[in-house]
Amino acid sequence: MRFQASIFILLFVGYFLYLKGFYSSKNAFLIATVTAILIYLIPIVLVKFVENRGHTLASGLLVATIWEFSMAALARVLTFPAWESFLLAGIGGALTTAFLAFVRQGKEKRNENAMEVQT
């Protein structure tokens, strides 16, 4: 939990400093808070929710990736200055999901080969 709070604070401070160039300090503070929640906390909740429903981590990451891409599209339409961060988070989620699927497929193949050797 401490690690997640540290990342949230770093994201918040980064967004606040970036958005301060576009908005007043008060508005930048509020927008940075909402942005950090949308880009970091909501995907964590989505992944945990999907995992608690009995699905794999890759499924949870896929749902979070779809969330990030939809937020990137919405931010782009609303001409939000930091829309690229949502897009990059979505790309990172897609790459992570693909990597996990690849690793899982390799693990299943190794298990099949081990079963063939045993029989």
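**Ground rules.** I am reading a predicted model, where local features need pLDDT of at least 70, side-chain atom pairs count only at pLDDT 80 or more, and totals for chains, interfaces and linings use all residues. Residues are numbered from 1 along each chain as its sequence is written, and side-chain values use heavy atoms, with hydrogens and water left out.

**Helix H1.** I started with H1, which covers residues 2-19 (helices are DSSP runs of H or I with at least four residues, numbered from the N terminus). Its 18 residues reach 25 Å from first C-alpha to last, close to the 26 Å expected at 1.5 Å a residue (that is, 1.5 Å times one less than the number of residues).

**Its two sides.** I found Phe8, Phe12, Tyr15, Phe16 and Leu19 buried (under 20% relative accessible area; exposed is over 50% and partly exposed in between, with a 1.4 Å probe and protein chains only). Down the axis of H1, these buried residues fall within an arc of 100 degrees, so they line one face (the arc uses directions from the helix axis to the C-beta atoms). The face turned away carries exposed Arg2, Phe3, Leu10 and Leu17.

**Rings.** I looked up the aromatic pairs and there are four (rings of Phe, Tyr and Trp, the last by its six-membered ring, with centres within 6.5 Å; planes under 30 degrees apart are stacked, over 60 edge-to-face, the rest tilted). Phe12 and Phe16 have centres 6.3 Å apart and planes at 20 degrees, so they are stacked. Phe12 and Phe29 sit at 5.2 Å and 85 degrees, so that pair is edge-to-face. Phe29 belongs to helix H2 (residues 25-52), so this pair ties together parts 17 residues apart in sequence.

Key:
Helices (H or I, at least four residues) and strands (E, at least two) are DSSP runs, numbered from the N terminus.
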